[in-house]
Every structure is written in structure tokens, then in C-alpha cells.
Amino acid sequence: MENPIQFVQWLRSVAPYIHAFRGKTFVVAFPGELVMSGALPVLAQDLSLLHALGIKVVIVHGSRPQVDEQLALRNLAARYHNGLRITDAPAMECVKEAAGELRLDIEAAFSQGLPNTPMAHSAIRIISGNFVTARPIGVIDGVDLEFTGVARKIAYETIHPILSAGGLVLLSPLGFSPTGEAFNLTMEDVAVSAATALRADKLIFITETPMMTDAEGRDIRELTAAQADTLLKGSILPPDTAFYLQHCVKASRSGVPRSHIVPFELDGSAMLEIFTHDGVGTMVSTENLETLREATIEDVGGILKLIEPLEADGTLVKRGRELIEREIDYFSVIEHDGVIFGCAALYPFPAEKMAEMACLTVNPEVQSQGDGERILKHMENRARAAGFSRLFVLTTRTAHWFKKRGFVPATVDDLPKDRQHMYNWQRKSMVLIKQL
């Protein structure tokens, strides 16, 4: 291992996600293009790792290129209407053939177990069956889509025990009616229906489409469902990307907290999306994921994890858990998807109408994204609301940052009397004050 320290730091950085996701249900859907590209074995390894971390995984696969391939072998033309396949009887036979072949390929991929590979000792059992009840779409714009259908019900009461027993569930884009007919469904429809019925915590589409961008070509990392709706109405997205986003919005409206669109062209994209702050795809949520708020006692562990490296190198004064617990009402935190990435504390000195901002910390992974500035403005507003007219900081290493934001150098004599008595002359921190 060339850089063991970096490995340890990375492993520690993903720990909050591991704790947060254990026992949660993820629905992971991918198109037939992923299988044709040869990416299935690697995806199976990544999903097996999620399973090993205690995440309940439901897999939904697509089959469009495989069905087209089967049609071509029979000299049949693929027919579509509004992006949906017109599935006549011969095409339905091709759908069944493709789904059966893909199911075997997926089961084989999850059966890997060679030593010195990510699948060693995995012993995963993947279960599939008639879990999807469907109905025909019928006639649209005068066109009969025949055996093309939509999901009507997911057998969640059967799937939950399988997941709880440690199995993975595989859903194909096929559904069955109470009369015994089979229908061709879209992978996206099955995935949204499954995520909704199972009350999944995440729906992840691993797609053939590139990273989503706005009209100026900037990456779109996060959207609320309302913002995604607006983007769709703007008609700037390619059709395939828009189709995925429509289903993410539908999932969000149906109660799925997080939906992701992740390009599979990047190796390990699912893991990078799930276990890193910014991810590598686009996330759609029911609400804004990042909140800046006053801290609660439940945040003590997250604050400690954030400040301990800075206490170790002397940037911050060491604070024990008991002290932070006693002073938690002074703290504010910035939280992203349940993980704390920044904090600061505001200590009042009412007699002088001054307040001290201390312990301003932002996770190094996101320090260039303006979170420090946002916390500072939040603390300034908090100080004003409490009736303070001046805010001061004591710092040994970040004086320049504060000066750029309106703080001016001062002396220890300019501090409140009580704070002067607590000044640490060994640290010789610079004193900076800002008028509010």
C-alpha cells in the first residue's frame, strides 16, 4: 500500500455513511447497456460490498438493447411510440428471452467467489420471482401498445422477509396479471414502484447517460423535486436523461427521500455517489439536503469528529465531550444528508454587548464550497438577534481569512473583562473584532 495514511483517512471519512445506511433499503436500477458494456461484474462487486455493510439491496435491470438484439436475430423491427416499445406477441417472446438471459448473467455475477477478489467469502443469495403485478398500458394516441404494461403492485410483503434474511432481490422489467399474462415494463417504472412500495431510503439509477448539466454546462449535483420539475419544463435535457429525471421526481413525490442518477462510465460510480460528500451524479431529494441550524445534544459526536484533527495539530483548543455537551446550546452546525460538515460556537458576553465566535470548523473535503462563509454569516445573524453589537475571534492561523471578511486586529485589552482573564498567553492568539 503506497499511502496507508490516506487509506485510513478515507476509511474514517466514510464511517458516518456506513453508520447511517446500515439496515436501510436501496433500490439500484441499471439499463441493459451496462451489461453490454461489460460493467456488470464490477457493479456486482460494489453491490455486494453494500450488502456486506448491512444495506438491503433490491436490483432492477433493464433489457432494451438485449430485446432489440433478439428482434434483429428474428428479422423483426423494433417499434416505439412516445419512447415506449410496442410489444406485440413476437416482441414479447424476445422480451422473455432477453430477461431470462440477463437474469442468469446477473446471478452468475453475484456468484463470484475467487480468492483475493472483492467477492471472496461473499456467499450472496439473489432471489427473483413473480414479485411484480402489472396491467397493460392500452391504447395511447390511437396506438395499441399491446403487451407493454405498467407496474400495478409490488409484493413488498414477500420481499421484506427476503431482505431481512440477508438475501438480495432481483426484479426484471416484466410483470404479470392475475389472469396469467406477462407484460413488458420499463426498468424505470419497476424501480420507482419497488422503491415506493418498499419505502426505500434511496433509489439509484446507474445509467448510460453522462453527468447532468445545466444550460451553461455546469454539473448539476443536487436538485429538489420542485427544481427538477422546473428543469424538465425547460426542455434542455436530452430525452434519455429527462426520462430518468421524470422517474426520480415521481419517486420523490411518492415518498422516496433520495433518488440518484449516476453514470456507469466511471468505475465505482455507485460507491462514489453513496460514500462521498459531492458524489459523481445528480441527486433528487424531497427537500434541500443541506441545513444550517443550531446544534442539539445528538450532534455532539459529529462535532467531536470534526474538530479532533484540528485539536490534535493545535489549531483549536482541546474540548472534551463533557464540555461540548454542557455548551451545546452555543453551537451551530451545517449538516448535509445527515452528516455534519461544519460547526461554530457563539459565547455571549452581555455586559459588553459582545460575543465570541469560536471553534469555526469545516470538513477539509468541502472547504472550497463556501460553507465557512455561510456559518460565519449565520453566527453573525445569531449574535445580532441576541442583541450583541460586536463579534470577536481568537485565532493563531486564520487571521487573514477573518480580515477579508471585515474583522480588524485588536488587543487583549479590547476583549470583555471575563474573557481577558481566560486569555491563554502561551497560545498568543490574535484578537480580531467585527462591528455587527
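**Stop 1: helices H8 and H9**

H8 crosses H9 in a left-handed sense (left-handed if the near helix is turned anticlockwise from the far one by less than a right angle, right-handed if clockwise). The residues that make the contact are Ala225, Ala226, Ala228, Asp229, Leu231 and Leu232 on H8, with Ala242, Leu245, Gln246, Val249, Ser252 and Arg253 on H9; contact means heavy atoms within 4.5 Å. Sorted by class, the contact of H8 with H9 has 8 nonpolar, 2 polar and 2 charged residues. Ala, Val, Leu, Ile, Met, Phe, Trp, Tyr, Cys and Pro count as nonpolar, Asp, Glu, Lys and Arg as charged, and the others, Gly among them, as polar.

The packing angle of H8 and H9 is about 150°, and their axes are 10 Å apart. H8 is therefore roughly antiparallel to H9. Angles under 35 degrees count as roughly parallel, over 145 as roughly antiparallel, 65 to 115 as roughly perpendicular and the rest as oblique. The axes are lines fitted to C-alpha atoms, for helices over the stretch in contact, and angles run from 0 to 180 degrees between N-to-C directions.

The model is predicted: local features need pLDDT of at least 70, side-chain atom pairs count only at pLDDT 80 or more, and totals for chains, interfaces and linings use all residues. Residues are numbered from 1 along each chain as its sequence is written, and side-chain values use heavy atoms, with hydrogens and water left out.

**Stop 2**

Select Asp229 and Arg253. They form a salt bridge whose closest N and O atoms are 2.6 Å apart; the term requires a side-chain nitrogen of Lys or Arg within 4 Å of a carboxyl oxygen of Asp or Glu. The pair links distant parts of the chain, with Asp229 in helix H8 (residues 225-233) and Arg253 in helix H9 (residues 239-253), 24 residues apart. Helices (H or I, at least four residues) and strands (E, at least two) are DSSP runs, numbered from the N terminus.

Are the two partners buried or exposed? Asp229 is partly exposed at 25% relative accessibility, while Arg253 is exposed at 53%. Buried means under 20% relative accessible area, exposed over 50%, partly exposed in between (1.4 Å probe, protein chains only).

**Stop 3**

The crossing of H7 past H9 is right-handed. Met187, Glu188, Asp189 and Val192 of H7 touch Phe243, Tyr244, His247, Lys250 and Ala251 of H9. This contact of H7 with H9 has 5 nonpolar, 1 polar and 3 charged residues.

**Stop 4: further salt bridges**

How many salt bridges does a search of the whole structure find? It finds 19.

Go to helix H13 (residues 371-385), where Arg384 and Glu380 lie 4 residues apart, about one turn of the helix. The closest N and O atoms of their salt bridge are 3.9 Å apart. Arg384 is partly exposed at 38%, but Glu380 is buried at 6%.

Next, select Glu216 and Arg218, which form a salt bridge with the closest N and O atoms 3.0 Å apart. Glu216 is exposed, with a relative accessible area of 58%.

**Stop 5: Thr87**

Thr87 sits in the loop between strand S4 (84-85) and helix H5 (89-109). It is buried, at 0% relative accessibility. Leaving out residues up to four places away in sequence, Thr87 touches Met92, Val95, Leu145, Glu146, Phe147, Thr148 and Asn184.

**Stop 6: two positive phi values**

Most residues other than glycine have a negative phi. Asn82, in the loop between strand S3 (80-81) and S4, has a positive phi near 55°. Asn82 is exposed, at 61%. Cys359, in strand S20 (residues 354-362), has a positive phi near 60°. Cys359 is buried, at 4%.

**Last stop: the whole chain**

Zoom out. The protein has 15 helices and 23 strands, and 49% of its 436 residues count as buried. Its C-alpha atoms fill a box of roughly 90 × 50 × 40 Å, taken along the principal axes.
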